[in-house]
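Please look at the sequence and the structure before reading on.

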Amino acid sequence: MIEARHLRVLRAVAATGSFSAAGRELGCTQPAVSQQMKALETSVGTPLLVRTGREMRLTQAGEALVRHAAGIIAGLTAAEEEVAAIAGLRAGRVRLVSFPSGSSTLVPTALAALRAAHPGTRVSLEEAEPPQSVDKLRAGDCDVALAFRYEGAVGAEEWDDLVVRPLLSDRLVALVPERHRLARSRSVAIGELVDEPWIAGCPRCRGQLIEVCAGAGFTPRIDFATDDYPAVIGLVGAGLGVAVLPQLAIESVRPRGARAVTLEPAVRREIVALTLPDLAQVPAVRATLDQLARAATR
């Protein structure tokens, strides 16, 4: 019989590459990890790891088991949480991963309301951009992922295996220095910025910028690139270039020295909260999704 604790150890070894590193991550000793891995290999009747000096790699059987382990562990966690909530043993816990502009706008409102309604629920927050955040969810490393994808983007990520709670449609806006020739315009076409130096955002947003500009017949000259939205806004405010940012990012930072102008034609990104089907039944996770949806309407 395969035990869940052994699967957790296997995932840690696969992620870290060694027994000692897995032990540090799990808070146990290297011999304890080695012992549990031997017990797991005995249970399944085949080697799961190939040891070559200090390095380890998964066998084909090990890769298959790691692939299934995330779903198995997530299902067990969901079952434990739901039973505990029904039994009244605890209100629940939720591990939330969000992209930065979501962390500074939607998340605070949602978590404040969640705490008021369910004081015993514990929520942890980690920041990651999609697709990394979605990968964490699928791997069982979080319970809810706040994510986004651009409408009509080439190679848009599929979420068919996940529970998707739509939150809002976030429109992109052009950001220009307040003394820029287009700063007083009601709207601007992306092609009007063809000769401007650009400040680009996160890798996914950067790719979307290049795609939108290509549709207008030009390649943007990117002078600066940063994952930090306040830095993008600061660089624009200092007159060092122009940018295209989601409206949600503008709301989270006061754009000193910069002015937001409506971008035409409209480019939007879909903001969603994601979870696994098993976890969607957990009361604490369901309450978190509900509060995120309410926060998006305010």
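Which residues have the most contacts inside the largest nonpolar core? They are Val144, Leu146, Leu167, Leu175, Trp198 and Leu274, in a core of 70 residues. The model is a predicted one: local features need pLDDT of at least 70, side-chain atom pairs count only at pLDDT 80 or more, and totals for chains, interfaces and linings use all residues. Residues are numbered from 1 along each chain as its sequence is written, and side-chain values use heavy atoms, with hydrogens and water left out.

**Overall make-up**
- The protein contains 11 helices and 12 strands; these are DSSP runs numbered from the N terminus, with helices (H or I) of at least four residues and strands (E) of at least two.
- Roughly 70 × 50 × 30 Å is the box that the C-alpha atoms fill, taken along the principal axes.
- Of the 298 residues, 45% count as buried (under 20% relative accessible area with a 1.4 Å probe, protein chains only).

**Nonpolar cores**
- A nonpolar core is a set of buried Ala, Val, Leu, Ile, Met, Phe, Trp, Tyr and Cys residues joined through side-chain atoms within 4.5 Å.
- The largest core has 70 residues, and its largest share, seven residues, comes from helix H11 (residues 283-296).
- A second, separate core has 16 residues, including Val13, Phe19, Leu49 and Ala69.
- Val144 touches (heavy atoms within 4.5 Å) several residues beyond four places away in sequence, among them Val94, Leu137, Leu274 and Leu292.

**Strand S8 and its partners**
- Strand S8 (residues 197-200) is covered on both faces: Pro197 and Ile199 on one side, and Trp198 and Ala200 on the other, are all buried.
- S8 pairs with strand S9 (residues 221-225) in the parallel sense over four bridges; pairing requires at least two DSSP bridges between the strands.
- Within this pair, Pro197 stands opposite Arg221 in S9.
- S8, helix H8 (residues 203-215) and S9 form a right-handed β-α-β unit: with the strands pointing away from the viewer, the path from the first strand over the helix to the second runs clockwise.

**Largest pocket**
- The volume of the largest pocket is about 540 Å³.
- Of the 24 residues that line the largest pocket, Arg11, Ile73, Ala139, Gly140 and Asp141 are the closest to its centre.
- A pocket is an open set of points on a 1 Å grid where a 1.4 Å probe fits, with protein on both sides within 12 Å along at least five of seven lines; lining residues have an atom within 4 Å of a point.
- Helix H4 (60-87) is one of the elements that supply at least two lining residues, and H4 gives the largest share, seven residues.

Technical notes
Buried means under 20% relative accessible area, exposed over 50%, partly exposed in between (1.4 Å probe, protein chains only). Grid points are joined across faces, edges and corners, and a volume is the space filled by probe spheres set on the points.
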